[in-house]
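Me: I am new to this structure and would like to learn how to read it. Please take me through it one feature at a time.

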Amino acid sequence: MSMNTVREPAVLGGEPLFPDGLPLARPALDDPESAIRRLRGVLGGNSFTNASLVAELESRVAEELGVRHCIAVSSCTAGLMLVIRASGLSGDVIVPSFTFSATAHAVHWNGLRPVFCEIDASTLTVDPAEVERLVGVRTSAILATHVFGTPCDTAALEAVARDNGLRLFFDAAHAFGSVHAGRRVGGFGDAEVFSLSPTKILIAGEGGLVTTDDDVLAERIRYGLNYGNPGDYDCRFVGLNARMSELHAAVALASLEGVEGRVAARNEIAGWYVRALAQLDCVSLPSVPEGDITTYKDFTVMVDTEACGLTTAQIARALEAEGIETRRYYSPPVHRQRAYAYLNGSRPDLPVTDRVAARVLTLPLWVGMSEDDVASVIFALERIFASADRIRAASGGGG
Ligand SMILES: *Cc1c(COP(=O)(O)O)cnc(C)c1O
């Protein structure tokens, strides 16, 4: 398509840049045939229940990540719930608010209180100094998120946990393939939990993986995902049914092929965005710590809404008119969601989180996107910013 012939933003009546649509994400499966071959084996044999593919997935992941235990579960949410339950925690758990809701939900479902913590304005991961400031007599654990795949400051968090006798867990839903301090994410803290849901880096359809070097915790999580039953039907604690099925393990094993290549490809696409966005004054990017590798599970940018004269919602609507799918990860932040309105009086003051959440816009990024696709997204943004006054007028000036 020739960009010169498309002068008006689609939201003002111009031709959309992507008439067929540009999706936000695509499932991460290099070779669907290899998933189908394994599925055929499951459906045709009697391996529905013998869990050999689940065991193969667990041992391959444990080896790749260099951890003693990998336990497959039915979702990351269930994995987080089980890690907390199996640790026998009580009281409060410090969590970020700038994360997916499931991080805090896992705490609440255990009858514990999430204490929302501020993030670092540059990396958008939890701020260890703020975590330390929030530690109180009731605090039993920290659950931090490697947001968008960017690793947390694990050493600082490990020091806070050690100094205060707290457990430390990571919501690693986005971070399969991330590298921090020369090590694959998976072995930090007491346990890490990955998500294998369809938009993640490693996918199973639905699923999760808990990784840990703690033998006792691993054993209790294994009972926990089976109702709390270690096999003798004398449940040791109230668990869940959170088993991963063989069908899901078949897909996950296929998706495990080529993870590193996909992470490299995602980083290349992100690089195209980063270079092109450097020319847009009103857009800034979260930073990735020097030497670390992120997965860019989401490519989220921050828009200076005052400088560009449009709200993030107005920009998202204008991009939608171009056929470009976006999200706003993470807005509203968890502490502002209605599910947590009960915190009312004790609602935390999180100015950095609120400020970042008002500005976030998540742009399409998936393996197979071309450099032209990226250039067209940037061109769309440029056109929208250049027509901000008219777009604002057309939308009645409101949000
Ligand atoms: C997707 C996601 C989850 C939930 O994962 P499920 O496997 O869908 O339960 C938890 N935390 C974060 C940060 C996520 O992005």
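Me: How many residues surround the ligand, and which are the closest?

Reply: A residue counts as near a molecule if one of its heavy atoms lies within 4 Å of it. Here 15 residues surround the ligand, and the closest are T77, D171, H174, S195 and K200. This is a predicted model, in which local features need pLDDT of at least 70, side-chain atom pairs count only at pLDDT 80 or more, and totals for chains, interfaces and linings use all residues. Residues are numbered from 1 along each chain as its sequence is written, and side-chain values use heavy atoms, with hydrogens and water left out.

Me: Which residues make up that shell: how many are nonpolar, polar and charged?

Reply: Ala, Val, Leu, Ile, Met, Phe, Trp, Tyr, Cys and Pro count as nonpolar, Asp, Glu, Lys and Arg as charged, and the others, Gly among them, as polar. The shell divides into five nonpolar, eight polar and two charged residues.

Me: Where does a polar side-chain atom of H174 lie relative to an oxygen atom of the ligand?

Reply: A polar contact is a pair of N or O atoms within 3.5 Å; within protein, one must be able to donate a hydrogen and the other to accept it, and residues adjacent in sequence count only if both atoms are side-chain atoms. For H174 the distance is 2.6 Å. An N or O atom in the side chain of S195 is 2.7 Å from a ligand oxygen, and a polar backbone atom of C76 is 2.9 Å from one.

Me: Which residues touch the most other members in the largest nonpolar core?

Reply: A nonpolar core is a set of buried Ala, Val, Leu, Ile, Met, Phe, Trp, Tyr and Cys residues joined through side-chain atoms within 4.5 Å. Buried means under 20% relative accessible area, exposed over 50%, and partly exposed in between (1.4 Å probe, protein chains only). F176 and L209 touch the most other members of this core, which has 43 residues. Its largest share, six residues, comes from α2; helices are DSSP runs of H or I with at least four residues, strands are runs of E with at least two, and both are numbered from the N terminus.

Me: Why does R383 count as buried?

Reply: R383 counts as buried because its relative accessibility is 7%. R383 is placed in helix α13 (residues 371–386), and its side chain reaches the backbone oxygen of E8 at 3.1 Å.
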